[in-house]
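Q: I am new to this structure and would like to go through it step by step. Could you show it to me, please?
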Amino acid sequence: MAKWDKANCMGYALGINEWLMVEPFNDGYNCHNAYKMAKWLARNYNLKPVKRSEMKLGKEYIVFRVGRNEWHFVHRSADCHWRHKPGWQPVRAISDKEVFSSALVNSTLIYNSRPFIFEMPNRQ
């Protein structure tokens, strides 16, 4: 078994080897409720919302984006390498340019909400 075999993009980004779901998704996945989902994430996973200009070397970050029918997470390690896990696929690298483009494209899925950036809590 691979290290992240049970995780989706959210589980991988949060460091939890599980298939996790974003709440509230009752309204459907779209840019209109992305802010509501981002607030839920911050509250439920102890994530600190930050601006891109506030990101620092040595800290871990998550970027959350929402598209028409889907959402996606990308993780930045403390040494500034971005990676993500598209569904059941293996973890792969992704560039800073892709993460912060006007629309993050993953295969046929497009995530065009603004990027919600969160600083991860320090891991013990």
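Q: Which residue takes a positive phi in the hairpin of E3 and E4?
A: Cys80 does, with a phi near 75°, and the hairpin has five residues between the strands. Strands such as these, of at least two residues (E), and helices, of at least four (H or I), are DSSP runs numbered from the N terminus.

Q: What sort of model is this?
A: It is a predicted model, in which local features need pLDDT of at least 70 and side-chain atom pairs count only at pLDDT 80 or more, while totals for chains, interfaces and linings use all residues. Residues are numbered from 1 along each chain as its sequence is written, and side-chain values use heavy atoms, with hydrogens and water left out.

Q: Are the residues of E3 buried or exposed?
A: Six of its six residues are buried, where buried means under 20% relative accessible area, exposed over 50% and partly exposed in between (1.4 Å probe, protein chains only). Trp71, Phe73 and His75 lie on one side, and His72, Val74 and Arg76 on the other.

Q: Which way do the residues of E8 point?
A: Phe116 and Phe118 point one way, Ile117 and Glu119 the other, and all are buried. E8 runs antiparallel to E1, with three bridges, and antiparallel to E2, with four bridges. Val50 stands opposite Ile117, and Ile62 stands opposite Phe118.

Q: New topic: what is the volume of the largest pocket?
A: It is about 230 Å³. A pocket is an open set of points on a 1 Å grid over the protein atoms alone, where a 1.4 Å probe fits, with protein on both sides within 12 Å along at least five of seven lines; lining residues have an atom within 4 Å of a point. The volume is the space filled by probe spheres set on the points, which are joined across faces, edges and corners.

Q: Which residues are closest to its centre?
A: Of the 16 lining residues, these are Glu70, Trp71, Pro86, Gly87 and Tyr111. Strands E3 and E7 (109-111) each give two or more residues to the lining.

Q: Finally, why does Lys3 count as exposed?
A: Lys3 counts as exposed because its relative accessibility is 66%.

Methods: Pairing = 2+ DSSP bridges.
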